[in-house]
There are 2 protein chains.
Amino acid sequence: MSEPSKPDPRPPGEFELIRWIRERTSATPSTVLGIGDDAAVLRLSQGSDLVTTTDMLMDGRHFVLDQDGPRAVGFKAMAVNISDIAAMAARPVAAVAAVVLPRKSAAEVVRGLHAGMAEVAAQYGVALVGGDTNAWDGPLVVCVTLLGESVGRGVVTRSGAKAGDIIFVTGPLGGSLLGRHLRPTPRVAEALALNEAFALHALIDISDGLAADLGHILEESGGLGALLEEAAIPVHSDAVAMTHQDGRPPIDHALNDGEDFELCVVIGPEDASRLEANPIPSVNLIKIGQVTSTPGLRLRDASGQTRVVEPAGFDHLR
Amino acid sequence: MSEPSKPDPRPPGEFELIRWIRERTSATPSTVLGIGDDAAVLRLSQGSDLVTTTDMLMDGRHFVLDQDGPRAVGFKAMAVNISDIAAMAARPVAAVAAVVLPRKSAAEVVRGLHAGMAEVAAQYGVALVGGDTNAWDGPLVVCVTLLGESVGRGVVTRSGAKAGDIIFVTGPLGGSLLGRHLRPTPRVAEALALNEAFALHALIDISDGLAADLGHILEESGGLGALLEEAAIPVHSDAVAMTHQDGRPPIDHALNDGEDFELCVVIGPEDASRLEANPIPSVNLIKIGQVTSTPGLRLRDASGQTRVVEPAGFDHLR
């Protein structure tokens with residue numbers, strides 16, 4: 001009989017942690033070479049383009065490690081990047097993750113991060129194929145880069161909206177800071193189903209707030225505007241809860257709070273009519289307004305009065 | 001005549017900086033969609049695999065911003081990632097960069113970083129296709145993810161070394177901390193030329209130090225060892241300069257200092273003989289020893305005495 005092994009008093013080092021992660025990482029059919037070499041190797045589907053995005057999350061800004069725990073941070077870091085791939089109507093394939101860990105709790109934090117990343121990665125068929133681990137006496141920083149591939153008719157950008165197009169969103173908006181921002185549901189299946197059914201004109205995921213993100217579409221499409229129907233904008237119950245806290249109307253939260261990670265979809269009027277007549281069962285779509293040649297974002301209330309909405313989007317540098 | 005414009009007293013915001021970067025970024029033939037959408041889109045060469053790596057650099061660890069300046073940091077962040085693509089014998093194609101900037105000097109730092117990244121990117125035909133900018137009151141963190149593609153016979157991993165193989169390096173080693181570590185020369189052309197000429201058995205770039213990185217090859221190749229000829233190991237003049245400072249022998253610096261970013265190449269004995277008889281003019285290669293079935297790294301001095309070298313590699317978590 002072997003003696004019970006004593007726990008190692010030292011915290012695990014870099015190579016032990018990499019081994020730990022490697023043992024818990026499953027490859028997908030796209031993975032030619034995963035964690036453990038100078039770089040990872042992936043085989044994308046023949047004829048597809050590579051679609052890539054990166055997002056860096058910092059303790060105190062995008063999450064609060066002590067409150068939220070490392071698993072939630074890992075989940076969010078992976079999910080927000082998958083959401084950016086969905087926003088191109090592309091298919092997520094693989095991810096690499098670089099982290100700076102708080103030195104004192106490096107092992108515990110990296111395990112939690114990995115568990116959260118692995119949860120959402122498995123859900124979306126994403127392989128974690130590489131990364132970089134560092135530690136310091138500062139706060140946790142997590143940087144995930146997602147690799148995806150175009151499918152079918154190719155990617156959908158922000159820049160194809162036209163006057164007269166119809167604007168949809170995929171779910172209720174506002175108040176995500178109450179907790180939803182930590183567990184976004186990237187709308188990959190919705191984006192792929194819509195892109196297969198119609199030639200979408202523009203697509204974005206709502207990370208800075210509907211007003212700001214729709215604003216990006218309008219600006220990138222040549223300086224267009226939009227008229228939104230206030231009563232049609234789906235307001236999340238969290239936005240109403242925020243109103244109880246800060247007195248700002250729920251519609252303000254729905255328009256300006258970020259990190260909903262729903263999609264904002266712009267479709268030509270004929271396709272939009274066909275879609276309304278024959279909805280795709282798995283895709284929740286709410287029509288909220290129309291693209292206009294007049295620049296600026298306007299909101300029409302139930303009485304027919306319109307007012308201009310100034311996007312109060314978040315500037316990450318200020 | 002227009003009046004001279006007054007300088008904007010506010011520091012530039014996120015979107016102004018992104019515009020500034022976008023205006024300075026040139027696409028390459030691989031770029032389908034660059035900076036400015038939810039994700040970038042790249043078209044790799046037909047039949048090639050995607051090769052990807054990520055590295056995060058922190059102020060105080062990998063550079064000292066106040067001393068080195070942001071341009072040197074940008075250069076290093078891009079170059080070390082290109083070196084990892086070279087270490088797979090792959091061709092670098094594009095990069096995304098995520099940064100957390102010190103808030104007070106965000107604009108100045110991001111411009112310097114970009115200049116440094118653009119310099120090395122242009123040199124290697126790499127397109128900067130996307131990124132993420134944040135700011136905080138903490139130190140600068142830079143995370144670059146490189147995207148490359150396999151060529152010809154495909155990538156070369158760490159795991160194909162065999163007993164009897166010959167070990168080469170591409171340049172002198174040690175003492176890079178005296179400044180060379182900020183301006184590495186990724187050995188892309190060398191790796192591609194070697195991979196075209198011979199079926200290389202294993203390849204790595206020397207970032208943790210020759211002993212540690214050759215150790216990775218030997219471990220990943222099934223627990224092999226190596227016998228190195230001390231007199232054959234090319235010692236950089238910086239290693240000698242370090243000896244004047246710390247009294248440690250130059251060979252210790254050559255074996256254990258990191259961030260040389262030369263390649264360590266393992267080639268079968270027949271190919272190695274052919275290569276020595278007919279060197280590739282553009283590739284500097286120094287033969288330093290041989291792979292052995294006996295595990296461990298041994299060093300043989302001029303008198304024929306051998307001693308065991310324990311890799312003193314850097315643990316990024318400790």
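A: A disulfide is taken here as a pair of cysteine sulfur atoms within 2.5 Å. By that criterion, a search of the whole predicted structure returns 0 disulfides over all chains. For Cys143(A), the closest cysteine sulfur belongs to Cys143(B) and lies 3.4 Å away, which is too far for a bond. Seen from the other chain, the sulfur of Cys143(B) has that of Cys143(A) as its closest cysteine sulfur, at 3.4 Å. Both residues are buried: Cys143(A) has a relative accessibility of 0%, and Cys143(B) likewise has a relative accessible area of 0%.

Turning to helix packing in chain B, the axes of α2 (residues 65-86) and α3 (residues 106-124) come within 8 Å and cross at roughly 35°. The crossing of α2(B) and α3(B) is right-handed. Among the residues that make this contact are Phe75(B), Met78(B) and Ile82(B) from α2(B), and Leu113(B), Met117(B) and Val120(B) from α3(B). By class, the contact comprises 14 nonpolar, 4 polar and 3 charged residues.

Helix α4 of chain B (residues 188-197) has Val188(B), Glu190(B), Ala191(B), Leu194(B) and Asn195(B) buried. These residues lie on the same side of α4(B), because they cover an arc of only 165° around the axis. The face turned away from that buried side carries Ala189(B) and Glu196(B), which are exposed. The buried residues of α4(B) pack against several elements of chain B, including α2 and α3, together with β4 (91-102), β8 (202-205), β10 (263-267) and α8 (269-277).

How values were computed. Residues numbered from 1 in each chain as written. Chains lettered and ligands numbered in written order. Predicted model: local features only at pLDDT ≥ 70, side-chain atom pairs only at ≥ 80, totals over all residues. Heavy atoms only, no water. Buried < 20%, exposed > 50% of the residue type's maximum accessible area, 1.4 Å probe, protein only. Axes fitted to C-alpha atoms, helices over the stretch in contact; angles between N-to-C directions. Helix = DSSP H or I, 4+ residues; strand = E, 2+ residues; numbered from the N terminus. Left-handed = near helix turned anticlockwise from the far one by under 90°. Contact = heavy atoms within 4.5 Å. Nonpolar A, V, L, I, M, F, W, Y, C, P; charged D, E, K, R; others polar. Arc of directions from axis to C-beta.
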